Structures are given as C-alpha cells and as structure tokens.
Amino acid sequence: CSIMDQNKIAIRNAGGIEILLGVAQEAVEAGTTNEIAPILEKSLAALWILTVTPDSRQVVRTSNGLKVLASLLALDNAPVVLEKLLGVLRNCSSEKENRSTMLQLGIVGKILYAFSRFP
C-alpha cells in the first residue's frame with residue numbers, strides 16, 4: 001500500500017516512519033536481529049519504499065533514525081535484512097543534510113564491516 005504517493009504521505013503524517021524505526025530500535029536495544037528478523041525485514045522494506053520521498057528522508061533524520069540505522073549495521077544481520085537496510089540508507093544518502101550526519105555516524109565503515117562478515 002505504500003507504493004502510491006498518497007499513501008506515502010499518509011503513512012508519514014500518521015507517524016508511520018517513527019513506528020517502523022521503532023522496530024529497528026528494538027533490535028538495537030536487544031543486541032540482535034534474530035528474534036525479530038521477519039518483522040525487521042518488512043519494516044525496513046517499508047522504510048525503503050517510503051524514503052524515496054524527500055520529506056520521508058527528512059523525518060528519518062529528524063527522528064534520530066540515521067543513528068538507529070547506523071547502530072543496526074553493527075549487528076549480525078541476515079543478508080535479506082542487510083539488503084533492506086542498505087536500501088533505506090541509500091535513499092537517505094540522497095539528501096545533503098543526511099550525508100553529513102551519515103559521515104559523522106561512520107556509516108560507510110559500518111557498511112564495509114557488515115559486508116566483511118559474508119563470504
């Protein structure tokens with residue numbers, strides 16, 4: 001349902017981005033993605049779709065979402081979770097304001113580290 005632009009706006013305005021980031025925050029606080037991997041994957045997939053719009057990318061930044069996503073990179077993620085996470089980060093990186101925050105959070109190094117765990 002989040003494919004249509006109207007739905008993206010409605011989900012963002014209803015606080016949907018913050019709710020989806022909350023799932024990622026739960027994984028960070030637990031220190032693992034294993035128990036909630038299916039839910040986390042779906043949440044990140046929705047964020048990936050939603051963050052194609054500049055307003056949604058701004059919400060991710062202003063709600064401390066980039067920090068949460070950076071912390072999520074440090075966990076041992078399944079490849080399918082990592083794929084969705086990288087999609088969200090890729091979308092967010094298209095905003096200049098996000099790029100400086102992402103650099104401060106060391107996201108590039110964390111991405112390289114995440115890839116180093118796969119054969």
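Predicted model: local features only at pLDDT ≥ 70, side-chain atom pairs only at ≥ 80, totals over all residues.
Helices here are DSSP runs of at least four residues, numbered from the N terminus.

**Helix pairs**

Helix α3 covers residues 37–50 and helix α6 covers residues 79–92, and the two pack with their axes 8 Å apart at an angle of about 25 degrees. Angles under 35 degrees count as roughly parallel, and α3 and α6 are therefore roughly parallel to each other. In passing α6, α3 makes a left-handed crossing. On the α3 side the contact is made by A37, L40, E41, L44, A45, L47 and W48, while α6 brings V80, V81, E83, K84, L85, G87, V88 and N91. Sorted by class, this contact of α3 with α6 holds ten nonpolar, two polar and three charged residues.

The table sets this pair beside two others.

| Helix pair | Angle between axes | Axis distance |
|---|---|---|
| α3 and α6 | about 25 degrees | 8 Å |
| α2 and α3 | roughly 140 degrees | within 9 Å |
| α5 and α8 | about 30 degrees | 9 Å |

What happens to nonpolar side chains in general gives a background for the next part: in soluble globular proteins, they tend to be buried together. In this model the largest nonpolar core has 31 residues, of which L40, L44, L69, L72, L73 and L85 touch the most other members. Two or more residues of this core are given by each of α2 (16–30), α3, α4 (54–62), α5 (65–73), α6 and α8 (107–116), and the largest share, seven residues, comes from α6. Leaving aside residues up to four places away in sequence, L40 touches V23, A24, A27, T33, L72 and V81.

**Helix α5 and its cover**

Helix α5 is mostly covered, since seven of its nine residues are buried, namely G65, L66, V68, L69, A70, L72 and L73. Their cover includes α2, α3, α4, α6, α7 (96–104) and α8. With α8, helix α5 packs at an angle of about 30 degrees, and the two are therefore roughly parallel to each other. Their crossing is left-handed, and in it L66, A70 and L73 of α5 meet I107, K110, I111 and A114 of α8. By class, the contact of α5 with α8 has six nonpolar residues, no polar ones and one charged residue.

**Helix α2 against α3**

The axes of α2 and α3 cross at roughly 140 degrees, and these helices are therefore oblique to each other. Here too the crossing is left-handed, with α2 passing α3. The residues that make the contact are I17, L20, L21, V23, A24 and A27 of α2, together with I39, L40, S43, A46, L47 and L50 of α3. Eleven of these residues are nonpolar and one is polar, while none is charged.

One residue of this contact can be followed more closely. L20 is found in helix α2, and because residues under 20% relative accessible area count as buried, L20, with a value of 16%, is buried. Not counting residues up to four places away in sequence, L20 touches S43, A46, L47 and L50. The C-alpha atoms of L20 and A45 are 9.7 Å apart in space, although the two residues are separated by 25 residues in sequence.

Methods:
Residues numbered from 1 in each chain as written. Heavy atoms only, no water. Axes fitted to C-alpha atoms, helices over the stretch in contact; angles between N-to-C directions. Parallel < 35°, antiparallel > 145°, perpendicular 65-115°, else oblique. Left-handed = near helix turned anticlockwise from the far one by under 90°. Contact = heavy atoms within 4.5 Å. Nonpolar A, V, L, I, M, F, W, Y, C, P; charged D, E, K, R; others polar. Core = buried A, V, L, I, M, F, W, Y, C linked by side-chain atoms within 4.5 Å. Buried < 20%, exposed > 50% of the residue type's maximum accessible area, 1.4 Å probe, protein only.
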